[in-house]
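Hi everyone, thanks for making time. I'd like to walk you through one structure today, so please have a look at it while I talk.

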Amino acid sequence: MGIYEQQMNEALRPVAPPRVIEGLYTEDQHRRLLGIVQDKGPWPTLQSHHFTTVDELIATVTGVVPEGHGLTLDDIVGPLFRGFYGQDSVCYHPEIHDCFYNERFLDLVKDYWGVEYAKPTMMLFNICGPNPEHAPPPPHLDAVTFRGIRYENAPVWLQNVMGKSGLFTDHLVKMAQVINWWYLGENGTFTYWPDGPLGEPKVLDHPLWNKGIVVQNELMFHRGDPVGPYDGPAVSGLKNRSMMEFDHSGQRWNITTDGEVVHSYEPGEMRFLVHWNAELYADMDELKTSMDHTDDLTIEEAVGRLVSDMRSKGTKIAEPTDPLNDHDFIKALVDTYTIAPATEWLDLPAA
């Protein structure tokens with residue numbers, strides 16, 4: 001293992017090991033959270049929220065982009081769907097204010113980091129049913145947040161390349177998540193690498209009913225493991241633009257593509273995840289620095305630092321004129337800052 005790989009492995013670990021907690025939500029809170037998903041759909045694929053090209057997706061999960069791969073987002077989409085309960089510290093649904101502005105969760109994340117202040121920033125859900133797998137899903141990082149460059153104004157792939165590079169730790173924003181699952185079916189566990197991507201993984205195993213973790217997922221590789229039997233029925237007709245919605249009359253979850261139902265699930269098959277996010281500050285000085293934006297990075301500054309670092313490592317790269325949409329620039333970033341967990345143990349059937 002080279003020196004730079006070692007540096008990236010050290011940088012990509014949470015501030016503390018994830019803390020597993022049972023019973024994070026009451027039954028009434030669960031009913032209200034799920035009710036919003038049932039009543040206010042349809043919901044888009046997770047992939048369509050965050051990526052416009054295959055190269056951007058690969059830059060997020062890490063891997064070398066093969067020349068002439070010819071893949072589209074339709075080729076690699078999975079039947080995982082996402083929606084938001086709130087963003088920018090604003091709850092979108094008054095009926096779950098107690099879930100979003102959650103005093104218990106704020107205390108949990110402040111204790112996890114050992115800091116004085118915290119505020120909720122975002123709350124989302126993922127929902128999916130069984131889907132056959134022939135290869136382990138790639139581990140990934142959540143969007144790494146920096147002062148001035150964050151989920152609200154920058155693409156996820158750029159944030160994660162910045163995190164993996166280790167060049168921007170002085171601007172890293174302290175973040176923590178409270179993530180909870182409701183799922184009692186086959187497989188569908190949560191795997192994570194708390195000792196860096198080159199360390200041994202751990203698995204949050206069953207039962208996963210109202211069971212969750214307090215964690216810094218932005219700097220810890222992790223993944224949701226395949227849901228349901230590995231050799232179950234395939235979801236045909238799935239596209240990046242497909243949607244998920246609950247059919248109240250049939251009491252089923254339907255995946256639709258261009259308005260046509262292409263697959264259905266029974267309620268008991270569904271894996272439901274709720275992800276709550278908070279921003280934290282060690283003390284009042286750090287809080288003021290963040291709030292008054294006196295020490296923010298710009299995307300131009302970040303790109304300049306990345307280009308200089310790549311050139312110092314021998315990468316020949318032209319100055320990008322449109323860095324957020326430049327295929328060659330994105331590919332160079334992926335090739336330079338590539339590290340990912342290699343440990344595998346899932347016994348999946350051959351394709």
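Predicted model: local features only at pLDDT ≥ 70, side-chain atom pairs only at ≥ 80, totals over all residues.

**A walk through the model**

Residues are numbered from 1 along each chain as its sequence is written, and side-chain values use heavy atoms, with hydrogens and water left out.

Back to Asp39, which lies in helix 2, residues 27–39. Helices here are DSSP runs of H or I with at least four residues, strands are runs of E with at least two, and both are numbered from the N terminus. How far apart are Asp39 and Glu245 in space? They are 8.4 Å apart, C-alpha to C-alpha, although 206 residues separate them in sequence.

Now the overall picture. The protein has eleven helices and 14 strands. Its radius of gyration is 20 Å, close to the 20 Å that the globule rule gives for 351 residues, so the protein is as compact as a globular protein of that length. That radius is taken over C-alpha atoms, and the globule rule is 2.2 Å times the number of residues to the power 0.38. Along the principal axes, the C-alpha atoms fill a box of roughly 60 × 50 × 35 Å. Buried residues make up 53% of the 351 residues. Among contacts with a separation of 6 or more, 77% are between residues 24 or more positions apart; contact means heavy atoms within 4.5 Å.

Next, please find helix 8, residues 156–165. Is helix 8 enclosed or open? Ten of its ten residues are buried, so helix 8 is largely enclosed by the rest of the structure. The buried residues include Trp157, Gln159, Asn160 and Lys164.

What does helix 8 pack against? Two packed helices are described by the angle between their axes and the distance between the axes. The axes of helix 8 and helix 10 come within 11 Å and cross at roughly 45°. That makes helix 8 oblique to helix 10. The axes are lines fitted to C-alpha atoms, for helices over the stretch in contact, with angles from 0 to 180 degrees between N-to-C directions. Angles under 35 degrees count as roughly parallel, over 145 as roughly antiparallel, 65 to 115 as roughly perpendicular, and the rest as oblique. On the helix 8 side, Leu158, Val161, Met162 and Ser165 meet Ile299, Ala302 and Leu306 of helix 10. By class, that contact has six nonpolar residues, one polar and no charged. Nonpolar covers Ala, Val, Leu, Ile, Met, Phe, Trp, Tyr, Cys and Pro; charged covers Asp, Glu, Lys and Arg; the others, Gly among them, are polar.

Helix 10 (residues 299–312) also meets helix 11 (residues 327–336), where the axes come within 11 Å and cross at roughly 60°. Helix 10 and helix 11 are therefore oblique to each other. Val303, Leu306, Val307 and Met310 of helix 10 make this contact with Phe329, Ala332, Leu333 and Thr336 of helix 11. Seven of these residues are nonpolar, one is polar and none is charged.

Now for some backbone details. Most residues other than glycine have a negative phi, and most peptide bonds are trans. The bond from Gly41 to Pro42 is cis, with omega near 10°, and Pro42 sits in the loop between helix 2 and strand 2. Another cis bond joins His206 and Pro207, with omega about -5°; Pro207 is in the loop between strand 8 and strand 9.

Gln251 is in the loop between strand 11 and strand 12 and counts as partly exposed at 43% relative accessibility. Asp258 also has a positive phi of about 55° without being a glycine. Asp258 lies in the loop between strand 12 and strand 13 and counts as exposed at 59%.

Let me finish in strand 13, residues 260–265, with His263. His263 is buried, with a relative accessible area of 14%. Its contacts, leaving out residues up to four places away in sequence, are Pro233, Ala234, Val235, Trp253, Asn254 and Ile255.

Key: Buried < 20%, exposed > 50% of the residue type's maximum accessible area, 1.4 Å probe, protein only.
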